Amino acid sequence: MTTAPDLPQLAERAGRELEEAAPLEILTWAAETFGARFCVTSSMEDAVVAHLASRAMPGVDVVFLDTGYHFPETIGTRDAVAEVMDVNVITLTPRQTVAEQDAEYGPRLHDRDPDRCCALRKVKPLEEGLAGYDAWATGLRRDESPTRANTPVVGWDTRRQKVKISPIARWTQADVDAYVAEHGVLTNPLLMDGYTSVGCAPCTRRVLAGEDARAGRWAGSNKTECGLH
């Protein structure tokens with residue numbers, strides 16, 4: 001087993017060596033390298049990375065953040081993934097319920113201070129939930145936004161001191177759609193209802209014709225990321 005001091009160097013080397021590798025090859029490397037100390041995180045926008053990881057490591061942990069603000073369709077997708085896929089879905093929740101947060105910070109914190117809301121309901125719970133892992137996989141893709149254009153397939157997450165794996169970083173939306181069609185992968189029903197990126201309900205809207213795929217997230221503000229990445 002790789003020791004903690006070696007992880008940054010391991011991540012840097014793997015990022016170079018696996019740059020041209022297929023997602024399944026990258027995830028197989030992760031499973032063989034980290035074993036039970038590897039997990040997948042999923043927003044349940046779709047289950048593509050979870051499905052890929054289940055092929056490399058049946059029973060893999062899939063970590064989902066239940067912020068308390070999700071669309072019912074997102075919770076339904078999580079439940080369906082847990083039911084039909086060979087994965088172990090783990091649901092993380094913030095320390096405070098929405099009501100408790102409202103009592104301390106005032107209602108609709110997501111409108112007044114979305115960065116703090118994301119920190120409380122996403123970033124902090126994920127950091128705590130990842131404590132038992134050395135590596136985690138995400139569904140980030142380079143084509144999603146300028147802020148993700150340089151996403152490595154394997155990199156070092158300095159803030160969390162973990163190896164961060166983005167096996168489909170090089171894929172396009174067309175690649176994702178083809179994989180979903182070929183394997184019958186579960187997707188969030190909202191993707192068929194005008195949403196191209198699905199987050200918390202108060203901060204997500206349908207995308208208008210000609211808009212960027214992530215334009216429906218935190219619309220009307222300069223916020224583009226929740227802080228997880």
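**Exercise 1: helix 2 and helix 3**

Helix 2 packs against helix 3 (residues 48-56) at an angle of about 60°, with their axes 8 Å apart; classify this packing and describe the contact.

Solution. The model is a predicted one, in which local features need pLDDT of at least 70 and side-chain atom pairs count only at pLDDT 80 or more, while totals for chains, interfaces and linings use all residues. Residues are numbered from 1 along each chain as its sequence is written, and side-chain values use heavy atoms, with hydrogens and water left out.

Step 1. Helices are DSSP runs (H or I, at least four residues; strands are E, at least two) numbered from the N terminus, and axes are lines fitted to C-alpha atoms over the stretch in contact, with angles from 0 to 180 degrees between N-to-C directions.

Step 2. The angle therefore makes helix 2 oblique to helix 3, given that under 35 degrees counts as roughly parallel, over 145 as roughly antiparallel, 65 to 115 as roughly perpendicular and the rest as oblique.

Step 3. The contact (heavy atoms within 4.5 Å) is made by Pro 23, Leu 24, Leu 27, Thr 28 and Ala 31 of helix 2 and by Val 49, Leu 52, Ala 53, Arg 55 and Ala 56 of helix 3.

**Exercise 2: helix 1 and helix 2**

Determine how helix 1 (residues 7-17) is oriented relative to helix 2 (residues 23-34), and list the residues that make the contact.

Solution. Step 1. These helices pack at an angle of about 160°, with their axes 13 Å apart, which means that helix 1 is roughly antiparallel to helix 2.

Step 1. Leu 7, Leu 10 and Ala 14 of helix 1 meet Trp 29, Thr 33 and Phe 34 of helix 2.

**Exercise 3: the annotated sites**

Which residues does the UniProt annotation "binding site" cover, and what is their largest C-alpha distance?

Solution. Step 1. The unreviewed UniProt entry gives Cys 117, Cys 118, Cys 200 and Cys 203.

Step 1. Although these residues are spread over 87 residues of sequence, they cluster in space, the largest C-alpha distance being 10.8 Å.

Step 2. Cys 200 lies in the segment after helix 8 (173-183).

Step 3. For "domain: Phosphoadenosine phosphosulphate reductase", the unreviewed UniProt entry lists residues 43-205; over residues 43-205 the chain is 37% helix and 14% strand, and the end C-alpha atoms are 16 Å apart.

Technical notes
UniProt positions are given in the numbering used here, feature names are shortened, and annotations may be inferred rather than shown by experiment.
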